[in-house]
Amino acid sequence: QVQLVESGGGLVQPGGSLRLSCAASGLTFSSYAMSWVRQAPGKGLEWVSAINSGGTSTTYPDSVKGRFTISRDNAKNTLYLQMNSLKPEDTAVYYCAHDSWGYISGYLDVWGQGTLVTVSS
């Protein structure tokens with residue numbers, strides 16, 4: 001049974017930092033690309049980062065580029081998202097998602113339950 005479990009969300013002030021984690025089980029984690037996707041209150045899904053299976057290639061949209069860093073530890077079956085210089089508009093539920101391929105394809109077929117990040121003073 002494939003399972004993705006996010007953690008690390010919470011309340012942070014604008015300009016602050018958080019590190020999200022996603023623990024994977026039931027799959028060969030090191031063989032697949034992974035992504036982080038968020039959903040702000042009342043809005044649709046927004047992809048925020050992706051990383052290939054080996055961790056050698058990453059990509060971000062302009063909205064988070066330079067502030068967010070995705071990484072992975074294949075030995076620990078864990079995906080990370082370091083978020084710095086957080087803004088109120090980063091408030092959302094953050095999901096990690098499993099890609100169907102080792103390269104970043106964007107075809108996300110397994111999702112975690114999400115972790116809430118609230119950026120507010």
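Student: How many aromatic pairs are there in this model?

Tutor: The count comes to 2 aromatic pairs. Keep in mind that the model is predicted.

Student: Why is the pair of tyrosine 95 and tryptophan 111 edge-to-face?

Tutor: Look at the angle between the ring planes. Planes over 60 degrees apart count as edge-to-face. Here the planes stand at 75°, so the pair is edge-to-face, with ring centres 6.2 Å apart. The pair links distant parts of the chain. Tyrosine 95 is in strand β9, and tryptophan 111 is in strand β10, 16 residues away.

Student: Is tyrosine 95 buried or exposed?

Tutor: Buried means under 20% relative accessible area. Tyrosine 95 has 17%, so it counts as buried. Tryptophan 111 has 36%, so it counts as partly exposed.

Student: Which residues form the stacked pair?

Tutor: Tryptophan 101 and tyrosine 103. Their centres are 5.9 Å apart, with 20° between the planes. Tryptophan 101 is partly exposed, at 48% relative accessible area.

Student: Where do charged side chains sit over rings?

Tutor: Find arginine 72. Its charged end sits over the ring of phenylalanine 29, 4.3 Å from the centre. Arginine 19 lies over the face of tyrosine 80, 3.9 Å from the ring centre.

Student: Now disulfides. How many does a search of the whole structure find?

Tutor: A disulfide is a covalent bond between the sulfur atoms of two cysteines. The search finds 1 disulfide. Cysteine 22 and cysteine 96 form it, with sulfur atoms 2.0 Å apart. The link is right-handed, with 45° about the S-S bond.

Student: What does this pair tie together?

Tutor: Cysteine 22 lies in strand β3 and cysteine 96 in strand β9, so the pair ties together parts 74 residues apart in sequence. Both cysteine 22 and cysteine 96 are buried.

Student: Which residues have the most contacts inside the largest nonpolar core?

Tutor: Trp36, Leu79, Leu81, Met83 and Tyr94. That core has 25 residues. Several strands each supply at least two of its residues, among them β4, β8 and β11. Strand β3 gives the most, with 4 residues. Now follow leucine 79. It touches residues including Cys22, Trp36 and Cys96.

Student: Is arginine 38 buried or exposed?

Tutor: Arginine 38 is buried, with a relative accessible area of 5%. Its place is in strand β4.

Student: Which side chain does arginine 38 join in a polar contact?

Tutor: That of aspartate 90, at 2.9 Å. Arginine 38 is also in contact with other residues, including Glu46, Phe68 and Tyr94.

Notes: Residues are numbered from 1 along each chain as its sequence is written. This is a predicted model: local features need pLDDT of at least 70, side-chain atom pairs count only at pLDDT 80 or more; totals for chains, interfaces and linings use all residues. Side-chain values use heavy atoms; hydrogens and water are left out. A disulfide is a pair of cysteine sulfur atoms within 2.5 Å. Buried means under 20% relative accessible area, exposed over 50%, partly exposed in between (1.4 Å probe, protein chains only). A nonpolar core is a set of buried Ala, Val, Leu, Ile, Met, Phe, Trp, Tyr and Cys residues joined through side-chain atoms within 4.5 Å. Contact means heavy atoms within 4.5 Å. A polar contact is a pair of N or O atoms within 3.5 Å; within protein, one must be able to donate a hydrogen and the other to accept it, and residues adjacent in sequence count only if both atoms are side-chain atoms. Rings of Phe, Tyr and Trp (its six-membered ring) pair if their centres lie within 6.5 Å; planes under 30 degrees apart count as stacked, over 60 as edge-to-face and the rest as tilted. A charge sits over a ring if NZ of Lys or CZ of Arg is within 6 Å of the ring centre and within 35 degrees of the ring normal. Lists of a residue's contacts leave out its neighbours within four places in sequence.
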